[in-house]
Amino acid sequence: MTGTTPPILHGPTSKEKKYDRQLRLWAASGQAALEESHILLINSGPGVVGVETLKNLVLPGIGNFTILDSTIVSEEDLGVNFFLEEEQLGGFRAEHTCNLLKELNPDVQGSYITEPIESFILKADALKPYTLILVTAPIAQELLSKLSANAETAAIPTFYIHCTGFYSHFSIHLPPAFPIVDTHPDPETTTDLRLLAPWPELSQYTAEKTKGLTEMNHHDHGHVPYLCLLLYYLEEWKKTHDGKVPQNYKEKTAFRQTVAQGARSDNAEGGEENYDEAVAAVLKSLNPAEVKSSVKEVFNAPECKLLTADSPDFWLIANAIWTFYVAHDALPLPGSVPDMKAQSADYVQLQNVYKSKARSDLAEVLQRVRELEKKLGRTKAAEEKEVELFCKNAAHIKLVRGRPFHVVQSGKGVKWEDRAKAAVQGLTNPDSLILIYIAFLAFDIFTSTHSADALGGAAKIPGEIDAEADTEKVTGIAFKIIDDLIKEAGTVVEDPDYSEAKSKAGEFVQEIVRAGGAELHNIAALTGGLVSQEVIKAITKQYVPVDNTCIFDGVRSKTSVLRF
Amino acid sequence: MAADPAHMNGADPQRLRWKYLDKILSRPGPFTDPDWEPGEAVIEGLSRAKIFGAGGLGCEILKNLALSGFKDIHVIDMDTIDVSNLNRQFLFRHADVGKYKADVAARFVEKRVKGVKITPYCGKIQDKDDDYYMQFAMVVCGLDSIEARRWINATLVGLFNEEDPDSLKPLIDGGTEGFKGQARVVFPTMTSCIECQLDMHAPRAAVPLCTLATIPRQPQHCIEWAHIIAWEEERKDITLDTDDPEHITWLFQKALKRAQEFNISGVTYSMTQGVVKNIIPAIASTNAIVAASCCNEAFKLATNSNPFLGIPETDNYMMYTGDESVYTYTFQHMKKPDCPVCGNLAKNLEVDSKSTLQEFIDSLAERPEAQLKKPTIRTEAKSLYYQSPPALEEQTRPNLSKTLSELVSDGEEVAIQDPAFQIAFKFKLVFKK
Ligand SMILES: [Zn+2]
């Protein structure tokens with residue numbers, strides 16, 4: 001019998017079809033956030049990295065983008081920028097890159113501004129329409145400084161991107177409190193079974209399923225969920241160990257042996273899968289539940305402790321979960337159970353034991369939230385859906401403390417503040433790419449203090465004409481940054497480390513100046529990939545963003561993320 | 001001031017367009033070889049190099065190679081454009097759905113980047129022979145399937161002939177899954193190859209048939225049941241087409257019904273599609289990162305403008321993870337002397353002497369170090385099992401129910417062939433103690 005298949009009732013919409021491969025990552029909620037966003041790109045230089053970033057945002061369907069760029073399309077643009085054509089020579093780069101990007105996705109709105117940044121930034125509310133701002137180097141540092149300050153006031157996340165030759169870096173300035181609930185942790189690390197603190201329903205379920213364990217027939221014995229086996233043997237173990245569960249590695253291995261010995265091998269299969277699963281789970285599931293330091297950081301944040309009538313819902317819920325944690329010495333149960341060998345009905349019943357506990361924990365947290373709302377006299381209640389998501393991910397929430405990126409001020413040097421000590425350590429760490437970052441800072445100082453025509457006009461790009469002479473100058477600037485940093489940290493770096501750090505910095509400067517301000521398409525495309533990924537995280541508030549600077553070395557194919 | 005060819009080139013209107021690229025190609029850097037001579041010869045060499053690209057990262061790879069100064073690019077892709085490609089494969093528009101990817105992509109990039117020649121072939125990489133691959137300076141692949149990767153890898157290893165240095169074809173391979181990916185460079189026979197690295201990409205364990213048939217617990221189990229068992233039972237005469245919405249709807253509804261019988265929740269249309277088509281999440285940003293990394297290596301390799309991955313005794317593999325901040329791990333994967341493709345020693349395979357040949361064959365599909373789905377197995381002395389031709393299959397079929405200890409001795413070498421690969425894999429069957 002085949003019959004006819006009824007009409008496609010639950011088939012995907014055309015949007016779901018187009019975005020299928022990404023909806024599997026950030027779901028409809030993330031997609032909705034993308035579609036509501038409006039990204040501003042302030043473009044300059046060869047301008048490839050910014051356009052490549054937008055390409056990766058237009059494709060997944062951001063709502064809106066605007067390109068601010070007063071550059072005229074020239075021959076050299078055509079050899080590096082994919083979103084320009086020969087016929088557009090002499091036209092505005094903002095207009096043509098915008099139009100060719102728009103072709104990628106008819107659902108995305110795009111516009112352009114050809115006004116110079118100098119006058120654009122002076123207008124009140126110039127940044128107001130935007131959700132997020134991308135700024136590419138080179139840009140006059142006093143403009144960057146103004147822009148960064150305005151964006152901070154308006155709480156708009158801002159990215160500063162540098163891409164030259166084989167190197168790139170970008171720094172992200174997020175709001176001072178940027179909490180993420182939906183961090184998408186690795187499923188392997190999220191299983192929370194509470195085997196060391198079973199609640200009555202779980203104990204009862206275990207007692208039922210392990211009743212007469214040794215007398216069971218082979219079929220039943222081989223289908224007792226491993227979780228029940230562990231709880232059963234833990235009870236047995238406690239009887240001979242002063243009521244204590246295995247305390248250390250040695251005891252856990254001994255306990256594992258006990259479990260393994262319970263398996264039958266005289267059955268048809270010559271072994272039991274459920275026992276194999278139990279044995280494999282001993283070491284990782286018998287650890288007391290510990291709350292990650294990143295979660296404690298949220299609980300200890302002043303915003304969590306000192307709620308006001310205007311606190312964002314996140315802090316209200318965080319406070320409720322914190323008091324829940326204090327009362328129960330455990331976070332709300334997430335409620336999911338990994339797949340395991342079991343009869344279908346037993347497994348579903350086990351799932352329900354966990355789900356019910358998760359629901360009752362949620363109910364308690366929700367009640368705490370409502371009480372807080374009442375106490376604070378809030379008019380708008382937090383959505384239950386949000387409280388639920390928070391409870392599910394409580395062990396993995398994350399708070400990013402956004403801070404401004406470095407803007408070099410002429411004559412003032414670079415300030416490292418509380419990051420000075422960590423930065424100095426990076427100088428001698430071969431895995432840290434901080435010296436490339438310092439080379440970029442030196443690049444910025446050079447451009448802000450040298451003009452192309454010596455009349456204070458357009459900035460001079462190091463290496464544009466005379467690579468050797470400029471290398472020497474920029475290297476000198478980089479050395480000064482290093483010395484000032486060591487001084488600010490109040491420490492010394494001994495030789496040979498000191499000389500080695502300087503000689504490496506000199507090489508990185510030389511490689512940057514070699515490019516003479518050129519972007520290589522591959523490095524721009526790769527960096528555009530990284531930046532767009534971080535934009536998506538910042539907009540969807542899913543996954544964990546870079547905090548706050550990422551450096552790419554295209555010579556050795558390595559990245560490094562540093563916090564400044 | 002030293003003569004700066006980049007500056008001098010400004011006079012040539014043809015090269016004006018490549019001003020940025022020429023800066024790098026006309027100046028030595030701190031990491032370039034002291035003997036490297038930047039300038040005309042390097043630029044010439046780059047435009048003469050014939051390069052081959054393929055795979056799901058094809059759009060990115062073609063764009064990047066064209067804007068890296070390569071002029072003669074060949075591309076193979078057997079797929080036609082699907083609407084679900086449009087969220088990342090930026091050379092395709094809604095009106096192109098159903099057309100061949102290789103054709104549309106080649107025409108688009110030729111139009112956008114003047115002076116580049118792109119030769120498309122709409123078919124399988126396996127359609128082409130050694131002579132075809134011999135013409136390229138290097139191969140850049142972003143293939144979706146592990147089988148195609150292994151095929152091109154084995155082909156390029158097979159091409160290498162010590163007498164002829166031109167027969168060494170570097171393979172640059174990229175792959176992505178969601179926010180993760182990798183880029184690697186192989187110098188066939190000299191450095192670790194795709195086969196040496198096979199166990200780093202273990203296949204997902206299949207759910208046992210008895211779970212599907214009798215004790216489903218997850219919504220995926222119900223979908224697999226509909227896919228593997230119910231379809232066979234009820235629609236045997238119709239070939240399942242996972243792109244046909246009617247077929248997916250049928251499977252979805254079967255799965256849903258079964259899930260309801262077992263009180264299992266969570267079966268959706270999207271999940272049905274995901275399980276049946278083995279859908280891997282894919283986004284524009286990760287594809288951009290991995291493809292650009294591959295093309296950056298190709299560019300450095302073609303021009304020597306900086307050190308590249310894959311130089312023997314140095315890093316050859318970059319692993320990328322982007323879901324939690326940005327993390328890369330760049331390292332040297334060591335060549336394996338017992339690699340079935342580039343090594344000359346047989347690889348040890350631990351087996352249970354009591355398991356049957358059939359069980360052993362089934363396990364080969366899942367073992368990370370083998371991943372062979374239709375193996376034909378023989379020892380030096382006898383044929384253990386042949387998948388084809390039918391006469392030989394029939395003749396060797398009785399061996400399937402025999403135990404390994406009846407068929408081979410402990411430590412005996414067997415050769416395994418699989419229609420997906422053109423080489424024989426050598427394994428030593430070592431009995432589990
Ligand atoms: Zn190999």
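Visitor: Is A:Cys550 buried or exposed?
Guide: A:Cys550 counts as buried, because its relative accessibility is 1%. Buried means under 20% relative accessible area, exposed over 50%, and partly exposed in between, using a 1.4 Å probe and protein chains only. Keep in mind that this is a predicted model, where local features need pLDDT of at least 70, side-chain atom pairs count only at pLDDT 80 or more, and totals for chains, interfaces and linings use all residues. Side-chain values use heavy atoms, leaving out hydrogens and water, residues are numbered from 1 along each chain as its sequence is written, and chains are lettered from A and ligands numbered from 1 in the order in which they are written.

Visitor: Thanks! How many disulfides turn up over all chains?
Guide: Zero, in a search of the whole structure; a disulfide here is a pair of cysteine sulfur atoms within 2.5 Å. For A:Cys550, the nearest cysteine sulfur belongs to A:Cys163 and is 12 Å away.

Visitor: Switching to the metal: which residues are the protein donors of the zinc ion?
Guide: They are B:Cys193, B:Cys196, B:Cys339 and B:Cys342, each through SG, at 2.2 to 2.3 Å from the zinc ion. Donors are N, O and S atoms within 2.8 Å of the metal (3.2 Å for Na, K and Ca); water is not among the atoms, so sites may look incomplete. Along the chain, the donors have the spacing C-x2-C-x142-C-x2-C.

Visitor: What geometry does the site have?
Guide: Tetrahedral, with angles of 99 to 120 degrees among the four donor atoms; four donors get that label if all angles lie between 85 and 135 degrees. The ideal angle for four tetrahedral donors is 109.5 degrees.

Visitor: Why do B:Cys193 and B:Cys196 count as buried?
Guide: B:Cys193 counts as buried because its relative accessibility is 0%, and B:Cys196 because its value is 2%.

Visitor: Back to chain A. Where is A:Arg378?
Guide: A:Arg378 is in the loop between α17 (344-376) and α18 (384-393) of chain A; helices are DSSP runs of H or I with at least four residues, numbered from the N terminus. A:Arg378 is buried, with a relative accessible area of 16%.

Visitor: What does its side chain make a polar contact with?
Guide: The side chain of A:Asp313, at 2.9 Å. A polar contact is a pair of N or O atoms within 3.5 Å; within protein, one must be able to donate a hydrogen and the other to accept it, and residues adjacent in sequence count only if both atoms are side-chain atoms.

Technical notes. Tetrahedral: all angles 85-135°; square planar, octahedral: opposite > 155°, others 65-115°. Helix = DSSP H or I, 4+ residues; strand = E, 2+ residues; numbered from the N terminus.
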